[in-house]
Amino acid sequence: MKLTIIGTGYVGLVTGTCFAEVGHHVCCVDNDDAKVKMLQSGRIPIYEPGLEELVQKNAAAGRLSFSNNTAEGVAKSDVVFIAVPTPPQPDGSVDMSFIERVARDIAAAMTDYKIIVDKSTVPVQTGDKVAETIKRYCKARVDFDVVSNPEFLREGFAVEDLMKPDRIVVGVRTQRPVPALKEVYAPFNAPIIVTDINSAELIKHASNSFLALKISYINAISVICEATGANVQEVANGMGMDERIGRRFLNASLGFGGSCFPKDLSAFIKIAEQLRYDFGLLKEVQKINAAQMDRFVKKIADTLWVLKGKKIGVLGLAFKQNTDDIRTSPALELCHRLQKEGAILRVHDPKAMEKAKADLHNVTYVDDMNEVAEGCDALVIATEWEEFKKLDLERARKSLSHPIMFDGRNLFDPQEMERLGFIYKSIGR
Ligand SMILES: NC(=O)c1ccc[n+]([C@@H]2O[C@H](COP(=O)([O-])OP(=O)(O)OC[C@H]3O[C@@H](n4cnc5c(N)ncnc54)[C@H](O)[C@@H]3O)[C@@H](O)[C@H]2O)c1
């Protein structure tokens, strides 16, 4: 099929590339000229495992192209996906101006029937607004359908998630676009759930809020564990073996972040508020998450006493492993909090250092993770990169003025760390 994606970021680029990989012809549009030029030259603006090779392969095969022109993209395809940002406003509600802009651009370019598919995460009832907008701004007065097709990919595993989705959600206002959407997704061999458009939009916010809730739940349990000498990992293992609960998203940590959970939670709370429902449960999820960071910072301060002038090594800047994305990263927030207390930081991340440089100043960026601890008073693990588990602990212990490690991601075994001579403080253990 001929497909166009408007917005070539984490979602748009991976979706477009995977659509091309299964044989569709895809045009990815973005209004960031520099990004489009970079993509046209075969390089990619984000780090996502396996993505660069797929982009190059499909571009070379002539199935994947890039453009900065929405009208050109609309003319090329019958199905147009929207994957632009839906960032939070200061009050937590969603800034819908990107979606509205694109709806108008698509409308202005339409000369025949199109299916407009929203992939961005949007408040329930957005589909109706998009349809109204297109109707208003489409001078050609042609037929169209608006579909909601929320995206569930995880950054760091995006290609894998796109190629092997758990399910595809297609929310429609009429049945007319359903066969085309089924054809788009047929090669992925995943269950396709067709719903009304409001339900599809809700599925996304309800899913992300539930996952955030699960993380806050285990983080709250970690507080009880610390107060009683229990081990949160063992509690999570025991809970997780119950199929009704499941082990995933039950890892205690210094809290969740990233470009989705925090904003989707506050958006959902705001949406509920506008519908006159006080979603207190989700407000508590936010509170627990914020408290988890406070508690971690306090743990560091209680141990090191005065932070002013202390040298601290921080491993991890990305909001989670396998990505260079630093948007609302707890690791970066931690760095800022430590800096505010006067600590001097040496930091490392396998992929996110370039992006972090725009946000985190007056720190020493260290290329080799094994050199971070040199001359430091303590070492902190802030992101759960798999390779941090291979840290040369003997070297780290010798490099530190006193062997103290704060592990915000529970990467190491407390008993083993003690045996190696560390004062080791993790979460809920
Ligand atoms: N990142 C994720 O893990 C993820 C997962 C599921 C859903 N989502 C949702 O998908 C949407 C996009 O997220 P993202 O992380 O890909 O954002 P992003 O910022 O990485 O990418 C968005 C892209 O849209 C482009 N853009 C903005 N306005 C445009 C316009 N008028 N015309 C053309 N291009 C335009 C930007 O230049 C940018 O490249 C959001 O609603 C987000 O909540 C994100």
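Biologist: What stands opposite Gly171 in β8?

Modeller: Thr195 does. This is a predicted model, in which local features need pLDDT of at least 70, side-chain atom pairs count only at pLDDT 80 or more, and totals for chains, interfaces and linings use all residues. Residues are numbered from 1 along each chain as its sequence is written, and side-chain values use heavy atoms, with hydrogens and water left out.

Biologist: What makes β7 and β8 a pair?

Modeller: Strands, like helices, are DSSP runs numbered from the N terminus (E, at least two residues, for a strand; H or I, at least four, for a helix). Two strands pair if DSSP finds at least two bridges between them. Five bridges join β7 to β8 (residues 192-196), and the two run parallel, so they pair by that rule.

Biologist: How many bridges join β6 to β7?

Modeller: Two bridges join β6 (residues 144-148) to β7, and these strands run antiparallel. Ser148 stands opposite Gly171 there.

Biologist: Why is β7 called largely enclosed?

Modeller: Buried means under 20% relative accessible area, exposed means over 50%, and partly exposed lies in between (1.4 Å probe, protein chains only). Five of the five residues of β7 (residues 168-172) are buried, so the rest of the structure largely encloses this strand. Both faces are covered, with Ile168, Val170 and Val172 buried on one side and Val169 and Gly171 on the other.

Biologist: Why are β11 and β14 called edge strands?

Modeller: Six strands form an open sheet with parallel pairing, in the order β11-β10-β9-β12-β13-β14. β11 (364-365) and β14 (423-425) each have a single partner strand, so one side of each has no neighbour in the sheet. Elsewhere in the sheet, β12 (residues 378-381) and β13 (residues 404-407) pair in the parallel sense over three bridges, and Ile381 stands opposite Asp407 in β13.

Biologist: Is Ser209 buried or exposed, and why?

Modeller: Ser209 is at 3% relative accessibility, so it counts as buried. This serine is found in helix α9 (residues 197-228). Contact means heavy atoms within 4.5 Å; Ser209 touches Asp264, Leu265, Phe268 and Leu282, not counting residues up to four places away in sequence.

Biologist: What makes Gln321 buried or exposed?

Modeller: Its relative accessibility is 16%, so Gln321 counts as buried, and it lies in the loop between β9 (311-315) and α13 (330-340). The C-alpha atoms of Gln321 and Glu386 are 7.3 Å apart, although the residues are 65 apart along the chain.

Biologist: Which residues are the closest to the ligand?

Modeller: They are Asp30, Lys35, Thr86, Glu155 and Lys263, among 27 residues that surround the ligand. A residue is near a molecule or strand if one of its heavy atoms lies within 4 Å of it.
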